[in-house]
Amino acid sequence: MIYDIRLRIGTDYPGTVGEAQHVLRIRPRGDFGQRVEALALAVDPRAERSEATSDFFGNDVERLRLRRPHRRLAVEMRARVTVEREAPSFADTPPLAAAIATAETSRDLSSLAPAHFRGESRAVDLVAEVADYARPSFADDGPSGPACLDLARRIQQDFRYEEGFTDTGTDVATAFSARRGVCQDFAHVMIAGLRGLGLPACYVSGYLKTDPPPGQPRLEGVDAMHAWVMAWLGPETGWLGFDPTNGIVAGDGHIVAAIGRDYADVAPIAGVVTTAGSQYSWHAVDVIPLDETHTS
C-alpha cells in the first residue's frame, strides 16, 4: 500500500519568542516494511540552523535553531510512503517463558536489542497492578503472539478513550487506575504490563490510516499522530506491533515514525524556548491511500 501523509504541527505562544531550539521526530522510518518514496519539510519561521541526523534508536531527527522573533512555530511535513508487511504467523511465536529466557540471555546491544526495552524508563514505571492485569492473557502458556493481541484487546475493551483527562506527563499508575486516557496512555499501560512480566516492549509513534464513515467523504486534518506497541517475541520472530487503542495487530495502515522506550524518547516535537504564559500546541494529520489521492 502507498500512502500520502501530511502532518501539520506547531505551537502558538502568548508572547514573542526571540530564540528557540527544537528537535523533530516526525519523518516516517525506512524499515519495518516501509519505504519513503518522497518527503518535504517546511518550518515557519525558517530555521537559521538545521541538522538532519538520527538518534540511538535509528529515528530520523531534525535539530532546528530559530533566532527570528516569532509568536508561532508551524511545521509541515509531506511524505509518500510504501508499506509492505507480511502478516505475522502467531502460531510460530514462542511461549512467554521462552521469549523471556532468550531476552535475558541475549548479548545483543544494538539500538533495537531487547535489553533496552525490559525495565523501567522515564515515562513507564513497572506497576505491580499493571503486571497482574496483563498476566491472565498469558495464562495458558501458549504462543506469545495471540497473548499479546489478547492483552491489546482487553485494554481496548476495558479503557475509555477520553481526550483531555491525561497529558504527556500522566504516569502509568494514574491512567491505569482511571481506566481512561488516549493512545499514548494505552500504549504505556500495555508496555508496563509486558515489561512487568519480563517481555521486552517498545513505544511506537507514527501515523494511522483511518476510514471515514460509510458514504461520507474523508475530512482534511481531522486525525492526529498515533501510538502503539511493539513486543519482542524471540530472535526468530523479532518485533511485532499491537495497537491497544483499537485492539488490533499493527498492520499496513500503521506507518512508523519513531521507536523508543516510551513517549519521552519519541515526542514529535520538543525543545527549549523562552517565553511566559500558557502555550497552545496543535497538530493535524492526513493519511490518504494513493488511489484516493489520484481520484481526488
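Let me start with the second largest pocket, where β11, spanning 239–243, gives the most to the lining, with 3 residues. By pocket I mean, on a 1 Å grid over the protein atoms alone, an open set of points where a 1.4 Å probe fits, with protein on both sides within 12 Å along at least five of seven lines, and lining residues are those with an atom within 4 Å of a point. Strands are DSSP runs of E with at least two residues, helices are runs of H or I with at least four, and both are numbered from the N terminus.

This is a predicted model, in which local features need pLDDT of at least 70 and side-chain atom pairs count only at pLDDT 80 or more, while totals for chains, interfaces and linings use all residues. Residues are numbered from 1 along each chain as its sequence is written, and side-chain values use heavy atoms, with hydrogens and water left out.

The second largest pocket holds about 460 Å³ of space, where a volume is the space filled by probe spheres set on the grid points, which are joined across faces, edges and corners. Of its 21 lining residues, Arg85, Glu86, Pro88, Trp239 and Leu240 are the closest to the centre. Besides β11, the elements that give two or more residues to this lining are β10 and β13 (254–260).

Turning to the largest pocket, its volume is about 1200 Å³, and of the 40 residues that line it, those closest to its centre are Thr168, Gln184, Ala224, Tyr263 and His283. Two or more residues each come from β1 (2–17), α5 (183–197), β9 (201–208), β10 (226–232), β14 (269–273) and β15 (280–289), and β14 gives the most, with 5 residues.

Now a few words on the backbone. Most residues other than glycine have a negative phi, and most peptide bonds are trans. The peptide bond from aspartate 44 to proline 45, however, is cis, with omega near 5°, and proline 45 is found in the loop between β3 (34–44) and β4 (49–54).

Phenylalanine 32, in the loop between β2 (20–24) and β3, has a positive phi of about 55° although it is not a glycine. At 24% relative accessibility phenylalanine 32 counts as partly exposed, that is, between buried (under 20% relative accessible area) and exposed (over 50%), with a 1.4 Å probe and protein chains only. Arginine 179, in the loop between α4 (172–178) and β8 (180–181), likewise has a positive phi, near 60°, and with a relative accessible area of 30% arginine 179 is partly exposed.
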